[in-house]
Amino acid sequence: MRLLVIDHPLVAHKLTALRDAGTDSPTFRRLADELVTLLAYEATRDVRVEPHPITTPVAPTVGVRLTSPKPIVVPILRAGLGMLDGMVRLLPTAEVGFLGLIRDESTLQATTYANRLPDDLSGRQCYVLDPMLATGGTLVASINYLLERGADDVTAICLLAAPEGVEVLREAFDGAAHVTVVTAAVDEHLNSSGYIVPGLGDAGDRLYGVV
Ligand code: URA
């Protein structure tokens, strides 16, 4: 598993505003959207392209275009939806699938309750959107779900990560060069309620309110 922590002043600036408890929901949504686009720029560094001949007003040349099948973007419900617009702004021709997972609080196992994805993901590059890599359980289950369907390259984009969650992913995908996590920061630790510290609170609630 590869971990990319994006070290950029604009990323740090937007993340600081997201963390601030005084940032209201509309501003939080806008900042999350902008931050995802910045993270997505790095996360798509290895997106597959093929040569594409064109003619400019001056001369013929050969550029590139995304290969088919196109990449697939998979927001994890519910908070991952707040990252979708920022991602597809950069990859407008990507397909979008959806995955909903719920954790059984007694077994701590994450199981899928919603799935709108092709059964066959052979040869697909997948970009999973989940704002908070906390315990890692949901992300491990989501990535396994995609790999079992044939995805050969999975990149998870998280606004923030906890060291505990990063370790869980490292163990689950030890030596898997085709699994990458891209994040704006790895914070200090998880508290006893499962929140990332200092973190930004409950990402879903801050995006959509407490429902
Ligand atoms: N999920 C969140 O929304 N926030 C955290 O800090 C941890 C998990």
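A charge is counted as sitting over a ring if NZ of Lys or CZ of Arg is within 6 Å of the ring centre and within 35 degrees of the ring normal. In this predicted model, local features need pLDDT of at least 70, side-chain atom pairs count only at pLDDT 80 or more, and totals for chains, interfaces and linings use all residues. Residues are numbered from 1 along each chain as its sequence is written, and side-chain values use heavy atoms, with hydrogens and water left out. Arg149 lies over the face of Tyr145, 3.7 Å from the ring centre.

The ligand is surrounded by Met132, Ala134, Gly194, Tyr195, Ile196, Gly201, Asp202 and Ala203, a residue being near if one of its heavy atoms lies within 4 Å of the molecule.

Taken alone, the ligand exposes 240 Å², of which the protein buries 83% (Shrake-Rupley method, 1.4 Å probe).
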